[in-house]
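Student: I have a chain open on my screen and would like to go through it with you. Where shall we begin?

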Amino acid sequence: MTAPTITEPQVALARSAAEAARAVLPTSRELAVGVPVAASEDALPTGQAITARFSGAATGDVVIVVGQDLADALKESPLGELDLTAAVRPALEAAARTFGPVVLDPGQVMEPAVALSALAAKPGSVAVPLLDGETVRAIVALALNPWPEEAGPGGVPARRAEIGAIRGGLDMLHDVEMEVSAELGRTRMSVRELLSLVPGAIVELDRAAGSPADLLVNGRLIARGEVVVIDENFGIRITEIVAPGSEQG
């Protein structure tokens, strides 16, 4: 049987999705992105798979396989049993957002072989291993419906004709409610540091005093502003609208 082939655009997009997922995957290990391959059951880590379907600027399926060590750590956390789907969902969303604004269907947990077998049945399905040295600790796999024929810089699809049709119907979404949140800053902590937190502890953020706060919609940066007090509630006075593609500025 001839092995399925994957194209350069598929490889580029899959790598971008894996990079995005790796950044928010709940693991204390610093994982590296491996070489994308056609999705199959080969070289699977033992563990659990979380699979979800996304739609928006692109449609498709995304699967994240996490190693058994991570699954066990979440199950036996000193903070109590943590839901695997909830813990991995940010990584699923990050991978899907590589293809533009998305709506992610609720993920479900299944055996890795079952999840990847279903995904591999779709043409051009790509799996990207996340490595700890030479050991596969997790896999990010995905399939688009359909894959773009070209890819631009950074793996972003260059052909967006179908997206234009979607944007034309955005008026239908005006009444859809979205989660809006404000972020003062971020930091990275080890699990040991998190477990040592007590009332009165101070967590230093990566933001200088007086810097604007970020305003995010469904986790995506759209504006910055200064924190104000309205009656007895905090608020954000918008000082800058973030242009698309400049979120990291």
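Tutor: Let us begin with a definition: a residue counts as buried when its relative accessible area is under 20%, and as exposed when that area is over 50%. Please also keep in mind that this is a predicted model.

Student: With that cut-off, what percentage of the residues in the protein chain is buried?

Tutor: Of the 249 residues in the protein chain, 36% are buried. The chain exposes about 15,100 Å², and carbon and sulfur atoms supply 55% of that area.

Student: How many helices and strands are there?

Tutor: The protein chain has 6 helices and 12 strands. As for contacts between residues at least 6 apart in sequence, 61% join residues at least 24 apart.

Student: Let us turn to helix packing. At what angle do α1 and α3 pack?

Tutor: Helix α1, residues 8-24, and helix α3, residues 84-97, pack at an angle of about 155 degrees, and their axes are 7 Å apart. Because angles over 145 degrees count as roughly antiparallel, α1 is roughly antiparallel to α3.

Student: Is the crossing of α1 and α3 left-handed or right-handed?

Tutor: The crossing of these two helices is right-handed.

Student: Which residues meet there?

Tutor: From α1 come A17, A20, A21 and V24; from α3 come P90, A91, A94 and A95. The residues of this contact divide into 8 nonpolar, no polar and no charged.

Student: Take A95, then. Buried or exposed?

Tutor: A95, which lies in helix α3, is buried, with a relative accessible area of 1%.

Student: What does A95 touch?

Tutor: Leaving aside residues up to four places away in sequence, A95 touches A17, A20, A21, V62 and V140.

Student: Now A71. Where is it placed?

Tutor: A71 is in helix α2, residues 68-75. Its relative accessible area is 12%, so A71 is buried. A71 and L84 are separated by 13 residues in sequence and by 6.9 Å in space, C-alpha to C-alpha.

Student: One last topic: where is D231 found?

Tutor: D231 is found in the loop between β11 (220-230) and β12 (233-241). Although D231 is not a glycine, it has a positive phi of about 55 degrees.

Student: And is D231 buried or exposed?

Tutor: D231 counts as exposed because its relative accessibility is 74%, and the cut-off for exposed is over 50%.

Methods
Residues are numbered from 1 along each chain as its sequence is written. This is a predicted model: local features need pLDDT of at least 70, side-chain atom pairs count only at pLDDT 80 or more; totals for chains, interfaces and linings use all residues. Side-chain values use heavy atoms; hydrogens and water are left out. Axes are lines fitted to C-alpha atoms, for helices over the stretch in contact, and angles run from 0 to 180 degrees between N-to-C directions. Helices (H or I, at least four residues) and strands (E, at least two) are DSSP runs, numbered from the N terminus. Angles under 35 degrees count as roughly parallel, over 145 as roughly antiparallel, 65 to 115 as roughly perpendicular and the rest as oblique. A crossing is left-handed if the near helix is turned anticlockwise from the far one by less than a right angle, and right-handed if clockwise. Contact means heavy atoms within 4.5 Å. Ala, Val, Leu, Ile, Met, Phe, Trp, Tyr, Cys and Pro count as nonpolar, Asp, Glu, Lys and Arg as charged, and the others, Gly among them, as polar. Buried means under 20% relative accessible area, exposed over 50%, partly exposed in between (1.4 Å probe, protein chains only). Accessible areas come from the Shrake-Rupley method with a 1.4 Å probe; for residues, only the protein chains shown count as cover.
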